[in-house]
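Let's take a walk through this one together. Have a look at the model first, and then we'll go through it piece by piece.

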Amino acid sequence: MAAQKIRWYIRAQLGVLLLPLGLCLVGEAITRRTLQLAVLNQKVAAPGPWFWYGTLGLICVTAGVGLMVESGLLRGYPRNPRQGAGTPN
């Protein structure tokens, strides 16, 4: 039972950390893309490092949300099934 709770905790925390990491990477990609367009002063720029930042960012966001949903983070810490709903921990 303890291993299951540790596994839940790790998944939940990994999801909580991956979501903002992904959002930061997407923001970095947007900033790099904007700067690249400003420097080159053209409408269509070749894919640069911003593309990979954005791709990695979207992967992290999706993985973070998936891990949080899978771990049931919104429902709270998993309870012992033998305890009743009204029984305090």
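You're looking at a predicted model, where local features need pLDDT of at least 70 and side-chain atom pairs count only at pLDDT 80 or more, while totals for chains, interfaces and linings use all residues. Residues are numbered from 1 along each chain as its sequence is written, and side-chain values use heavy atoms, leaving out hydrogens and water.

Now find Trp52: its relative accessible area is 59%, so it is exposed. Phe51 has 37% relative accessibility and therefore counts as partly exposed, whereas Trp50 is buried because its value is 17%.

These residues also meet through their rings. Rings of Phe, Tyr and Trp (for Trp, the six-membered ring) pair if their centres lie within 6.5 Å; planes under 30 degrees apart are stacked, over 60 edge-to-face, and the rest tilted. How many aromatic pairs does the structure hold? There are two. In Trp50 and Phe51, the ring centres sit 6.2 Å apart with the planes at 85°, which means an edge-to-face pair. Phe51 also pairs edge-to-face with Trp52, at 5.0 Å centre to centre and 80° between the planes. Put together, Trp50, Phe51 and Trp52 make one aromatic cluster.

What about cysteines? A disulfide here is a pair of cysteine sulfur atoms within 2.5 Å, and the structure has zero of them. Cys24 is exposed, at 57% relative accessibility, while Cys60 is buried, at 9%.

Key:
Buried < 20%, exposed > 50% of the residue type's maximum accessible area, 1.4 Å probe, protein only.
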